[in-house]
Amino acid sequence: IALTANANQRDQEKCLMAGMDDTVSKPFNPEDLLQVLLKHVGKSIADGTDTIQRIDLSYLKRVSNNNPEFIADMVRTFVDTIPGAIKEIRSHQESRKYHEMEKAIHKLKPSLGMMGLKQLREDAIQIEEMVRNQAENNTIGGSVNSFLERLEFNLKELRDLKI
């Protein structure tokens, strides 16, 4: 994404022809940049989804009396176990074993809550309800894909977290 001082169409086209995916013109605010970034991952602020969620370890801090070793251990455990859970969920989704997928997602909810990923936890609940109510497979699939993308994003964020 190119940052340009010029907002005219010709300069934007030059940036795109040079290999940029998009442009942001100065002056810009953080929401402008976020909107462009989200456009390229197929998301929108306007659709009401919490695409990028900040990690909130306040629950872990509270229950551990702010013990950094405990917090680091819990984050490490989450980071180590979640990739297997993601793989399991994808496998069940691909084989259309939606009730097995629902069970795998259900098991994640406590961990999501502990890591302060409240929106992802709410999304897990919503996916469970969709499966129970036998929503259309493509609706479930899109919700699961979005859920897993955001989970992977937060997983990377937790890996990079300095505690």
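My entries follow in the order in which I looked things up.

**Ground rules.** I note that this is a predicted model, in which local features need pLDDT of at least 70 and side-chain atom pairs count only at pLDDT 80 or more, while totals for chains, interfaces and linings use all residues. Residues are numbered from 1 along each chain as its sequence is written, and side-chain values use heavy atoms, with hydrogens and water left out.

**Overall fold.** I looked up the secondary structure and found seven helices and two strands in the chain, where helices (H or I, at least four residues) and strands (E, at least two) are DSSP runs numbered from the N terminus. Along the sequence these elements follow the pattern β-α-β-α-α-α-α-α-α. I then looked up burial, and buried residues make up 35% of the 163 residues in the chain; buried means under 20% relative accessible area, exposed over 50%, and partly exposed in between, with a 1.4 Å probe and protein chains only. Among contacts (heavy atoms within 4.5 Å) between residues at least 6 apart in sequence, 55% join residues at least 24 apart.

**The core.** Which residues touch the most other members of the largest nonpolar core? I found Phe-78, Met-101, Leu-112, Met-115, Phe-147 and Leu-151, in a core of 31 residues. Helix 4 (68-94), helix 5 (98-114), helix 6 (118-132) and helix 7 (137-160) each supply at least two residues of this core, and the largest share, nine residues, comes from helix 4. For my own reference, a nonpolar core is a set of buried Ala, Val, Leu, Ile, Met, Phe, Trp, Tyr and Cys residues joined through side-chain atoms within 4.5 Å.

**Salt bridges.** I searched the whole structure and noted nine salt bridges, each a side-chain nitrogen of Lys or Arg within 4 Å of a carboxyl oxygen of Asp or Glu. One of them joins the side chains of Asp-56 and Lys-118 at 3.2 Å, N to O. Asp-56 lies in the loop between helix 2 and helix 3 and Lys-118 in helix 6, so this pair ties together parts that are 62 residues apart in sequence. Asp-56 is partly exposed at 25% relative accessible area, whereas Lys-118 is exposed at 52%.

A salt bridge of 3.5 Å, N to O, links Glu-100 and Lys-103, and because the two are three residues apart in helix 5, they are separated by about one helical turn.

Is Glu-128 buried or exposed? I found Glu-128 to be buried, at 2% relative accessibility. Its side chain meets that of Arg-132 in a salt bridge of 3.7 Å, N to O, and both residues lie in helix 6, four residues apart, about one turn of the helix. Arg-132 is partly exposed, with a relative accessible area of 48%. Salt bridges that share partners join Glu-102, Lys-109, Glu-128 and Arg-132 into one network. I looked up Lys-109 as well: it is found in helix 5 and counts as buried at 12% relative accessibility. A polar contact of 2.8 Å joins the side chains of Lys-109 and Glu-128, a polar contact being a pair of N or O atoms within 3.5 Å, where within protein one must be able to donate a hydrogen and the other to accept it, and residues adjacent in sequence count only if both atoms are side-chain atoms.

**Backbone notes.** I recorded that the peptide bond from Lys-26 to Pro-27 is cis, with omega near -10°, and that Pro-27 lies in the loop between strand 2 (23-25) and helix 2 (30-39). Asn-66, which is not a glycine, has a positive phi near 60° and is found in the loop between helix 3 (58-63) and helix 4. Arg-96 is not a glycine either, and has a positive phi of about 60°; Arg-96 is found in the loop between helix 4 and helix 5 and counts as exposed at 58% relative accessibility.
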